[in-house]
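Can you help me read this fold? I'd like to go through it piece by piece.

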Amino acid sequence: MSEERLYPPSPEFAAHAQVKSLAEYRDLCERSARNPTEFWGELAERELHWFHKWSSVLDWQAPDARWFVGGKTNASYNCLDRHLETARKNKVAILWEGEPGDQRMISYQELHRLVCRFANVLKSRGLKTGDRAVIYMPMLPELPIALLACARLGIIHSVVFGGFAAEALKTRIQDLDAQVVITADGGWRRGKEVKLKPVVDEALIDCPSVQNVIVLNRTGSEVAMESGRDHWWHELHEGVDEKCPAEMLDSEHPLFVLYTSGTTGKPKGIVHTTGGYMLQATMTMKWIFDLREEDTYWCTADVGWVTGHSYIVYGPLSAGATAVMYEGAPDFPQPDRFWRLIEKYRITILYTSPTAIRSFVRQGDQWPNGHDMSSLRLLGSVGEPINPAAWEWYYKVIGGSRCPIVDTWWQTETGAIMIAPMPGAIAAKPGSGTLPLPGVQAEIVDLKGNPVETGREGFLIIRNPWPSMFRTLWRDPQRYVENYWSRIPGVYMTGDAARQDNDGYFWVLGRVDDVMNVSGHRLSTMEIESALVRHPAVAEAAVVGKPHEITGQSVVCFVTLKKGNYDQQQLGDELRKWVAKEIGSFARPEQIRFTDALPKTRSGKIMRRLLREIVTSNHVAGDVTTLEDLSVLTSLAAQHDED
Ligand code: WT7
């Protein structure tokens, strides 16, 4: 990783930025460190609407945090109602384009009306504060509408990414005991319909808690509707009132649960609450995206991931932005769809992933070069480390060597961006997230919690509580403590390895646990292994991530089979499909490698580290169809037993 090249913001950019210099950034950091409660308290008062003010800013009994204790607020009110008294009333809130080219521009006033109506629909189905709604939808305006309607009433929402399969959807609905599922017939992707309702039907076979399914008509394809349980979105809207006051909710009322992969086969339900989450989502829109009233801002993530929650819905709308949403694939009908959208809507801020950038690099410069992208003024990256070559390409070819790039490090758990350059204040280095935000005490430490020397690799931790931190894991407080706060007591363990250079810049190297990052999506090795052993032919499975040019990592599975005669080519294909069906197509393995044995420790633990070495350095040759003999490794492993 080259550390020589520095990209300071241009004087013109800095002059107009929300934070204009390194000195200003340092001053914010100093104030937040000296008196964090005063710092966040002042911001909360200035940046959010409160029905009742809090009695204390923070109650911290590690690892349990409560922010703005006793305060009453509402996320939906902050995203909508408060703008209606300003000139933003008729500003476009959501600028949406469907894959087939259909468009919708929804003003704040109109969005407020649509959200109130849908909230009344939810009420009419008997749903109330504290209930759980699972949302499984394509990238349509009704997706943020559903989130904001839930938030308005204090219904805890859990969005399940539309790429997840029935099994994954089912376990999430069951874990939450959800009362309602909000979905659509399907959505458009690469010119084809991705059907959602049949997946919901399959998932619901085993979900007795769900009494209502609300189905939006998007594609118009034939779907089965179970009478009494399933209702069309538009039919439920008939005659519904347009007024629906936002509930005055406790600052600590859970806003949403979002499932993410951990090191076991069971996904973790990350719980976020209201006041603190909204504050940091709003502040980072200003500090990192340097949001101005006239911006047209586009985050290309799906609302099914945390990036979409914080940077398509809650952050941008709370900050009063015009947020662009696009339904479909980046390469449909041609590889220039993104650049077309930027030219057409004069987009000023683009926030996307390294995986997307690398695939654009491969498609060639002719696609972006054919479009006028002079409207862009700021670029962002998220999801995984961005390699310097892709960074430079993004900077030159997309940003015209004019736009600062904010490489933003954060996690589902952190709720908002934690490490990233404030674009008017901090010079970027390609591949580094640079410096932590005000109020974030990030450090690199060893396993005892002691800081490691500059330049050395260590565990990335956060020492202090922050407003948008997750509060617990849904119905699993013990795992919350064990997973994140126990290795080094009272300190938040991110699960990432990183190092700091001489300028104090952070370089995130990747996960230290059995979590993979494929196209910026978190996948657990254990989750895929569990899916594989559910297949009747599979005896054992071990899954590792292999470095991949475009997606960062790809999924490689080592599989031992039960007794029998198998056509390995055919079974390999079948197992790849099986994983896609059990979890979702984005988890589809690149390779299935059959083996006689898996390398294990004497205590029987699979040594994924050895397998990772094999797939990275390719010491053991072999393709999908060769049966590998890993017994050599196994006996080696037995000699050097590790825990
Ligand atoms: C993990 C969190 C939060 C956005 C989407 C992913 C990796 C994320 C970066 C970055 C290096 C990054 C980390 C992190 N990651 N952004 N800018 N540079 N690594 O959310 O699924 O919760 O995954 O993604 O490994 O721990 P997530």
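This is a predicted model: local features need pLDDT of at least 70, side-chain atom pairs count only at pLDDT 80 or more; totals for chains, interfaces and linings use all residues.

Residues are numbered from 1 along each chain as its sequence is written, and side-chain values use heavy atoms, leaving out hydrogens and water.

Me: Which strands stand at the edges of the sheet?
Reply: Strands are DSSP runs (E, at least two residues; helices are H or I, at least four), numbered from the N terminus. Two of them pair if DSSP finds at least two bridges between them. The open sheet has seven strands in the order E5-E4-E17-E16-E18-E19-E20, with mixed pairing. Each edge strand has a single partner, so one side is left without a neighbour in the sheet: these are E5 (103-107) and E20 (405-408).

Me: In E5, what is the bridge partner of Ile-94?
Reply: E4 (residues 92-97) pairs with E5 in the antiparallel sense, over five bridges. In E5, the partner of Ile-94 is Ile-106.

Me: Are H10 and H11 roughly parallel or roughly perpendicular?
Reply: Angles run from 0 to 180 degrees between N-to-C directions, and axes are lines fitted to C-alpha atoms, for helices over the stretch in contact (heavy atoms within 4.5 Å). H10 (residues 275-287) packs with H11 at about 85 degrees, the axes being 8 Å apart. Under 35 degrees counts as roughly parallel, over 145 as roughly antiparallel, 65 to 115 as roughly perpendicular and the rest as oblique. So H10 and H11 are roughly perpendicular.
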